[in-house]
Amino acid sequence: GFFVFVVGQVYSNSNAFLVVEKGLGDAAASGLGMAFFCAGGIVMGLLYGKVASIFGKYTMSFGFLVVALSYVVNATAGSIAMFYVGSALYGLGLSVVMPQFFISVGSSVPPAAIGLAMSIATCIQNFGQFCSPYIVSPLTGIVGGLESVAAFWVAGALAAVLAVVVGVVNGAKK
């Protein structure tokens, strides 16, 4: 949960900078990107059950791969239309990861402890949200280039690593 928001918060923190630094648009264009993110989330809300039944225990890994793809699309976007595609992909991916995370938390404890487990998970996610810039910013300095573009590359790489780690962990479970 911590790393869901370390990776996830990069979009919220950096999308406006990305749009402006790459010359794709202005603050209004960035705001519309947030709308495409929300639209992707709504679409995945309608499709989540089917996606979860197809990917089974690898559903969260699939979601992280879509998030990683969204960050790559946004980092390489040469037009505002591609930025919107990346934003919609981000909404799709995050809307797979988030419910799957809470389903995993709820199913890992006895019924009497679900409320407490969800509370702890939410606190850990919020702490990840707070820590995101402190973890991602030093890594963007290593990548170099435009800071917002580097942040998207770092977040995409972290999401890809999380996809593999979660896949290996879930694949090892019996």
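**View 1. Helices H3 and H6 cross in a left-handed sense.** A crossing is left-handed if the near helix is turned anticlockwise from the far one by less than a right angle, and right-handed if clockwise. The model is predicted: local features need pLDDT of at least 70 and side-chain atom pairs pLDDT 80 or more, while totals for chains, interfaces and linings use all residues. Residues are numbered from 1 along each chain as its sequence is written, and side-chain values use heavy atoms, without hydrogens or water. Helices are DSSP runs (H or I, at least four residues), numbered from the N terminus. The axes of H3 (residues 59-76) and H6 come within 8 Å and cross at roughly 165 degrees. Axes are lines fitted to C-alpha atoms over the stretch in contact, and angles run from 0 to 180 degrees between N-to-C directions. H3 and H6 are therefore roughly antiparallel (over 145 degrees; 65 to 115 is roughly perpendicular, under 35 roughly parallel, the rest oblique). Contact means heavy atoms within 4.5 Å. Contact residues include Phe-64, Tyr-71 and Asn-74 of H3, and Phe-152, Trp-153 and Gly-156 of H6. This contact has 17 nonpolar residues, five polar and no charged. Ala, Val, Leu, Ile, Met, Phe, Trp, Tyr, Cys and Pro count as nonpolar, Asp, Glu, Lys and Arg as charged, and the others, Gly among them, as polar.

**View 2. Helix H1 packs on helix H6.** H1 spans residues 2-21 and H6 residues 147-172. Their axes lie 8 Å apart, at an angle of about 155 degrees. That makes H1 roughly antiparallel to H6. The crossing is left-handed. Among the residues that meet are Phe-3, Tyr-11, Phe-17 and Glu-21 in H1, with Glu-147, Phe-152 and Leu-158 in H6. The contact of H1 with H6 divides into 13 nonpolar, three polar and two charged residues.

**View 3. Helices H4 and H5 make a right-handed crossing.** The axes of H4 (residues 80-107) and H5 come within 9 Å and cross at roughly 140 degrees. That makes H4 oblique to H5. H4 contributes Met-98, Phe-101, Phe-102, Val-105 and Gly-106 to the contact. From H5 come residues including Ile-114, Met-118, Thr-122 and Gln-125. Eight contact residues are nonpolar, three polar and none charged.

**View 4. The second largest pocket has a volume of about 190 Å³.** A pocket is an open set of points on a 1 Å grid over the protein atoms alone, where a 1.4 Å probe fits, with protein on both sides within 12 Å along at least five of seven lines; lining residues have an atom within 4 Å of a point. Grid points are joined across faces, edges and corners, and the volume is the space filled by probe spheres set on them. Of 13 lining residues, Asn-13, Ser-14, Ser-137, Glu-147 and Ala-151 are closest to the centre. H1, H5 (114-143) and H6 each give two or more residues to the lining. The lining divides into five nonpolar, six polar and two charged residues.
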